Amino acid sequence: MSSKGTVLITGLNGYLAGRVAEAALKAGYSVRGTVRNLAAGAEVHKALLDLGYGSGAEVVQVPDMTQPGAFDEAAIGCSIIIHLAAPVTETWTLPPAEVVRMGVNSTIGVLNSALQAGSQLQSVILMSSAAAVFDVPTDPGVYSEKNWNTTSEVAVAKLGNDAGGLHAYCASKTAGERAFWRFREDKKPSFGMTSIQATYFIGPPLVPWETKEKIPFSVSNIWKLLQGEDIPGPMLLYESSIDIRDVARVILWSALNPTAADGERFLCSSHTGGAQAVADILNKHMPSLQVAKGNPGQGYEPSYVSPNGTIAFNSAKAAQTTGQDWIPYETSITDTAEVLVKYLE
């Protein structure tokens with residue numbers, strides 16, 4: 001079967017990227033994924049092969065995505081570009097200003113490459129973050145696509161290295177997305193441009209993490225409970241999350257509907273649980289794991305919406321626009337746990 005076109009996915013070895021590649025291949029597109037080192041991309045390619053999609057996927061190496069022209073060759077001939085790669089691992093080790101520079105330069109680099117990709121290019125999707133829609137420190141309230149982080153870039157500029165990793169991450173995501181929209185305003189490209197903001201990722205990765213040390217912070221509550229720990233404390237800033245399969249779906253919808261999605265931000269956040277909710281779900285659906293019981297039913301809403309007086313997110317726009325609701329929270333938790341239990345062996 002012939003391909004409908006090629007989708008370029010930057011950062012193919014990331015937690016989300018495998019599911020995006022899977023969705024694109026299921027939709028009949030070929031996938032070209034970039035990675036810093038080819039060994040990492042090989043694992044994703046093998047997983048796609050095992051699912052029967054590998055013949056439509058290729059992996060290319062981009063050692064430094066911040067260099068001008070880094071994506072030029074990879075972008076040629078693509079119908080869709082999805083920019084997922086981000087300097088996450090460097091957030092806590094490099095100076096905050098450098099983290100921001102990397103985030104902005106990689107985004108502008110992808111967009112400049114898009115201008116040279118060819119007339120067949122329909123859309124460019126930027127994976128931003130919920131960190132771009134709230135200030136730090138963060139006040140309780142309901143946040144949506146209408147909001148922006150107005151404090152982190154200022155903090156990095158004023159405090160320099162003392163700004164810390166949290167401001168570095170938030171500033172990088174905010175500055176990168178602002179640069180994305182400035183590009184659209186200045187260049188007025190023929191392709192559609194859409195950004196996606198997401199809360200903490202949960203859900204089963206297409207490719208399991210290489211080691212338990214690679215398990216991301218966003219699923220740490222599940223992982224801690226599976227290891228036999230007591231009910232963990234609260235997550236950083238908020239408790240809201242989104243299944244990566246839902247994020248992949250919204251990304252692909254945006255890419256395939258470039259006219260409707262052009263100029264739009266879509267916030268993805270499905271449910272608010274917390275460690276006690278996770279423990280209750282695991283004890284309900286996977287009782288043999290015998291995770292800590294804590295205080296069942298306490299500290300969260302039965303419908304897994306954000307309690308009043310907390311940091312909450314309104315993602316109705318994405319659900320209504322795409323015409324599909326989010327994966328149930330209990331499904332996301334148990335599906336994630338089924339992957340994580342393998343690291344206990």
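Helices (H or I, at least four residues) and strands (E, at least two) are DSSP runs, numbered from the N terminus. The model is predicted, local features need pLDDT of at least 70, side-chain atom pairs count only at pLDDT 80 or more, and totals for chains, interfaces and linings use all residues. Residues are numbered from 1 along each chain as its sequence is written, and side-chain values use heavy atoms, with hydrogens and water left out.

**Exercise 1. Backbone geometry**

Solution. 
1. Most residues other than glycine have a negative phi, and most peptide bonds are trans.
2. Pro137 belongs to the loop between strand S5 (123-127) and strand S6 (141-143).
3. Lys188, although not a glycine, has a positive phi of about 45°.
4. Tyr304 is not a glycine either, yet its phi is positive, at about 60°.

**Exercise 2. Burial and exposure**

Task: Classify Lys188, Tyr304 and Leu237 as buried, partly exposed or exposed.

Solution. 
1. Buried means under 20% relative accessible area, exposed over 50%, and partly exposed in between (1.4 Å probe, protein chains only).
2. Lys188 has 65% relative accessibility and therefore counts as exposed.
3. Tyr304 counts as buried because its relative accessibility is 11%.
4. Leu237 has 30% relative accessibility, so it counts as partly exposed. Leu237 is found in the loop between helix H7 (220-226) and strand S9 (240-243).

**Exercise 3. Enclosed space**

Task: State how many cavities of 30 Å³ or more a search of the whole structure finds, and describe the lining of the largest cavity.

Solution. 
1. Rolling a probe the size of a water molecule over the atoms shows where empty space is left.
2. On a 1 Å grid over the protein atoms alone, a cavity is a set of points where a 1.4 Å probe fits but cannot get out; a pocket is an open set with protein on both sides within 12 Å along at least five of seven lines; lining residues have an atom within 4 Å of a point. Grid points are joined across faces, edges and corners, and a volume is the space filled by probe spheres set on the points.
3. The search finds 2 cavities of 30 Å³ or more.
4. The largest cavity holds about 150 Å³ of space. Its lining has 18 residues, of which Ala86, Gly103, Thr107, Ser172 and Lys173 lie nearest its centre.
5. Helix H4 (96-115), S5 and H6 are the elements that give two or more residues to this lining. H6 gives the most, with 5 residues.
6. By class, the lining has 8 nonpolar, 8 polar and 2 charged residues. Here Ala, Val, Leu, Ile, Met, Phe, Trp, Tyr, Cys and Pro count as nonpolar, Asp, Glu, Lys and Arg as charged, and the others, Gly among them, as polar.
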